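Hello,

Here is the structure I promised to pass on to you. Have a look at it first, and then read on for what turned up in it.

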Amino acid sequence: MHRSEPARPGVFRSVLLFLLVSALSGALVAGLALPLAGLAGVTTQTAHNTVQFLPQDLDIQATQQKTVIQAADGSLIATLYKENRTDVPLKAINPIMLKAIVAIEDDRFYEHGALDAKGTLRALLRNQTAGGVSQGGSSITQQYVKLSLIAKAKSPEERAAATADTYERKFAELRYAIAVERKVSKDEILHRYLNLAFFGGRSYGVEAAARHYFGVPASKLNLPQAALLAGLVKNPVGYDPTDHPKRAKDRRDTVLARMRDLGIITAKQARAAMKTAVVDPRKVQVVPNGCANSKYPFFCDYVVAKLKENPVFGRTKEDRENYIQTAGLTIRTSLDPKLQAAAQNSINKHSKPTDQAVAAITVVEPNTGLVKAMAQSKPYGFKKNQTAYNYNVEKSYPGGFGGFQNGSTMKAFTIAAAIQKGVPLNYRINSPQMLDLSGREFKTCKGVASDENYKPTNSTRTVPDPSMIEAAQASTNTYFLQLSEQVGLCPIATLSAKMGMRDAQTEQPLLQVPSMTLGSAGLITPMMLSSAYATFAARGVFCNPQVVTAVASVRGKSIATPGRSCKPVMTPQVADGVNYVLKQVMEGKGTGSKLKFGRSDLAGKTGTVNENKAVWFAGYSSKYAAASVVADAAPPAKNLIGQIFNGKKLRDASGSGTAGPIWETAMRGVLAGLPSSKFVQPDEKTIRGNVKDLPMVKGMTPEQATAALVALGFKVSVSDTLVDSDAVSGTVAYTSPRTEDGALPGAMVTLWLSNGSKVPLPPTTPPVTPGMPTIPVPPPTTKPPGGPDCPPWDPKFPNCKRR
């Protein structure tokens, strides 16, 4: 750049100063020269002092390279980079590219040392004649040093120092260039330079540039393509062929002419190359950067968030983020494009981006925890009907929405805890449509929980005295509330926590409240619920959700990353029992019966949140588990009924009818082509359970029955509702659980008192006339009517056939 002060020295003085400084630095011996800018006014002592204390060796930093994130099959999910670069070995660069860059940037590169004395003197004279800098004198080695210093700059201040137009910086480049030339071969310098240089279009290094402008690797570059790239390094923005095709062509043709003049190519080759178009716009490839440009943006963001948790990539999240974007990693993930397509196609079939309500589904593989698919109805973006929220994951991850209440899908954990405590699968509890649990104490891990005004009801009709299986089929609230009371909330909370269930907003444990089994203990995500249900499919083995399966360095070396994390949280027999119960939900009159398909065993559970703010279906085969949700995601959440979903106003909202079809369609695609699979049948002990016998208390007064039960360690409550029974009014009609089924040790036993409606009437005695003898009436025969012993009188046996 032309400077107004101080006055530019004459040619003779400049040449003399150049020779003097070169001699002082020892550069002349190596055939070197100093850059020209800034030498005016530099004394020999200043130059000597500056050079004397410069470091001898250049600390070469690894070049920044793009990281790629791949699906399980190796297909590309996303690229992450600060500089879009892929280093390649020298043999992977077409020799014509090497000749082109040398011709235009430093045609005596293989003849001189770190700095071309002839070239610098020539540039000096031409620049002095022109009154400005019309020709540079830097060798390729000097350019490489400058690019290296810029690349290693970690702050704006360091970058400014690396590009400052001062003689100190130029002297430093000179000393570094000398060191590089002594230690590194010319070919290696050229190789490093081509991998480091910026070629415009977000492309750093010749490989990225070749693929960006021409859609070919550097090894396949032809003459005009190589000439274009060689011309770009001088001014990557100004000569960008996509923005300035005329200027780019002129610059390319200049390179071709220089190659012709140097005898590298013939005049005929130069003319032919000059006639070609600079680029074919159809072949220009822009490498998208970041997850926002991914085909699977939500999954990609979740992967990156998981990577940032790994301390192997740096001490802080900022260090890890920088490493991930610059280290040229290859990250293999769990996502299966086929299963992802099945999940997204199901979402697209049953919902629309324009809906008020949102839908989401996650698919997980049992026994591995691999997250195979993650889909939702709102696409990624910031425009109308788009969102940056990921409805499948926790709030602790960037964009994570943080879940919804999960309704009756929570009953599966109550079933598991009950079976674990020995409750038989046919365990019956009287379950009225409305149950007054006001003030009833539910045992927790730290004490008791109660609700002073809690009168839950059933949302579906069921038999009055259901077994566990029947209650699961009908999703009977009052049954599972009583079962959770008997089992205790602590075993349910402990087991569900081991299966990854926690509040997705706060990351805190689920609340141990009386309504816990109905899904009001916290906010849950499809990721959590599908992973938890996969535990049942895996016969009790829970695996933390895993999205990153392998990480390789730029050189292909494996980098340690958290791998599969699985452990048993219940016995296989308990899981078999849960599978047996939830399989019945998909059969007969079960709430999931309409969702059953194929020949594989399927198990599942519906869930509906109070006021229909969210509806769920979670289910599985032994191969895959998935959880789907439809919910109002606009706080404060409102009733789904009346909202637009799948382009229509919802008149009803349920786990089976609204969320269930999303699960079914997705799972049909997920399981397509796989052999059918069956669950393991539970053993006899699991089916029969391990309960304590209950005494026969029918006909006892409440006080008598209470005393008998308390003496055996049970807790007792008395229902306010009288029931039809043949027991005397006010006495015990039956217990819940039933006497014949037994009860858990220490469980709550409810006494149901008789209203006496079925008590048999006492026999009537015929009136006796005073003074008349009493005729004894023989007892009725026990023989069947028509037998040989029909009595001689017949009023009570009209069908008695006489012989």
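**Strands, cores and one buried threonine**

Strands β19 and β20 (residues 748-753) form an antiparallel pair with four bridges between them. Within this pair, Y734 sits opposite W752 of β20. Strand β19 covers residues 732-736, and because five of its five residues are buried, the rest of the structure largely encloses it.

Before going further, please keep in mind that this is a predicted model.

You will find 24 helices and 20 strands in it. Its exposed surface comes to about 37400 Å², with 54% of that supplied by carbon and sulfur atoms. If you take the contacts between residues at least 6 apart in sequence, 70% of them join residues at least 24 apart.

Four strands make up an open sheet with mixed pairing, in the order β2-β1-β5-β11. At its edges are β2 (76-80) and β11 (548-552), each of which pairs on one side only. From one strand to the next, the twist averages 15°. Strands β1 (residues 67-70) and β5 (residues 330-333) are parallel partners, with three bridges. There, V68 stands opposite T330 of β5.

Which residues have the most contacts inside the largest nonpolar core? They are F404, F413, L483, F536 and Y620, in a core of 113 residues. Helix α20 (residues 526-537) gives this core its largest share, eight residues. Another core lies apart from it and has 59 residues, including L58, A103, L149 and I189.

Leaving out residues up to four places away in sequence, F536 touches A412, F413, A416, M499, M570, A575, V578, N579 and Y620.

Is T476 buried or exposed? T476 counts as buried, because its relative accessibility is 0%. Apart from neighbours within four places in sequence, the residues in contact with T476 are K411, S431, N458, T462, E470 and A471.

Enjoy exploring it, and send me any questions.

Best wishes

Notes. Residues are numbered from 1 along each chain as its sequence is written. This is a predicted model: local features need pLDDT of at least 70, side-chain atom pairs count only at pLDDT 80 or more; totals for chains, interfaces and linings use all residues. Side-chain values use heavy atoms; hydrogens and water are left out. Buried means under 20% relative accessible area, exposed over 50%, partly exposed in between (1.4 Å probe, protein chains only). Contact means heavy atoms within 4.5 Å. A nonpolar core is a set of buried Ala, Val, Leu, Ile, Met, Phe, Trp, Tyr and Cys residues joined through side-chain atoms within 4.5 Å. Helices (H or I, at least four residues) and strands (E, at least two) are DSSP runs, numbered from the N terminus. Accessible areas come from the Shrake-Rupley method with a 1.4 Å probe; for residues, only the protein chains shown count as cover. Two strands pair if DSSP finds at least two bridges between them. Axes are lines fitted to C-alpha atoms, for helices over the stretch in contact, and angles run from 0 to 180 degrees between N-to-C directions.
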